[in-house]
Structures are given as structure tokens and as C-alpha cells.
Amino acid sequence: MQRLRTKITVYGAGTALLATALLPGVASALYSWYGANYSFDSSSWSYVWACDGESDDNGAYAKYDRNGASNQRVDDPNGSQAGCGGVGPFSPVYRHHICESQFWSDPCGSWVYNPG
Ligand SMILES: [Ca+2]
């Protein structure tokens, strides 16, 4: 019984190590969600991405503000097909959120803010 417990402990440590190893490149990224649509930043907030995760014919796009340019927008060009739409690199993004194109007005997820 003692031996089994030891094996479980070692396996758990290995899993934690793997997760840590995968994180550094995206450690600063924050996500804004609306349903299955989302936006996120990358490379220290120098890129913004919009990802349409819903096959509902409503396009998804990210709105963002960055140093020197507010009310910017980037669309996911192929809708819910694989891949997202991205822009950058440019001066750090201050905030972004995901929105969905609908008939009357476009609902959006919560703004996420650059912590730096
Ligand atoms: Ca897509």
C-alpha cells in the first residue's frame, strides 16, 4: 500500500511539471469569452486574436484598444472553421474583448485588461 501511494505521488509531480513547461509562452494571455467565441492576446500583449467557436452564422470579432489606437477590431475571417483571426505585432494592447455579430446589437464578453 505504501508503494502504491508513492507511485501516485510521482505521477502527480510529473503532471505538474509538464503543465508548467507548457505555460511560459502564454502565461500573460487573458481570454474574453462570449459563448464559445473568444479573444485572447499573445506575445506580451502585442497581438490580439478573435476566434469564432460557434457554427451559428454569427461572426465573431475582437474589439481592442492599444497605445495610440482605440476602437480597433479584428475579425475571425473564416467563421467557425479552424483557425482564428489575428493582428499585430504593435504597441501593447490595453484591453480587448470578444463580440458576436447579431442583427440588432452585438453582445460582447467582458473586457480583459493588460495587467502590465
Ligand atoms: Ca475560425
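Residues count from 1 along each chain as its sequence is written. Because this model is predicted, local features need pLDDT of at least 70 and side-chain atom pairs count only at pLDDT 80 or more, while totals for chains, interfaces and linings use all residues.

Student: In what order do the four strands of the open sheet stand?

Tutor: Strands here are DSSP runs of at least two residues, numbered from the N terminus. Two of them pair if DSSP finds at least two bridges between them. The pairing in this sheet is antiparallel, and the order is E1-E2-E3-E6.

Student: Which strands are at the edges?

Tutor: Look for strands that pair on one side only. Those are E1 (31-34) and E6 (85-87).

Student: How many bridges join E2 to E3?

Tutor: E2 covers residues 37-42 and E3 covers 47-51, and they run antiparallel. Among the partners, Ser42 goes with Tyr47, and Phe40 goes with Trp49. The number of bridges joining E2 to E3 is five.

Student: What stands opposite Trp49 in E6?

Tutor: E3 is joined to E6 too, by three bridges, and the two run antiparallel. Opposite Trp49 you'll find Gly86.

Student: Is Asp65 buried, exposed or partly exposed?

Tutor: Asp65 lies in strand E4, residues 60-66. Buried means 20 or more other C-beta atoms within 10 Å of a residue's own, exposed means 12 or fewer, and partly exposed is in between, with C-beta atoms placed from the backbone. Asp65 has 17 within 10 Å, so Asp65 is partly exposed.
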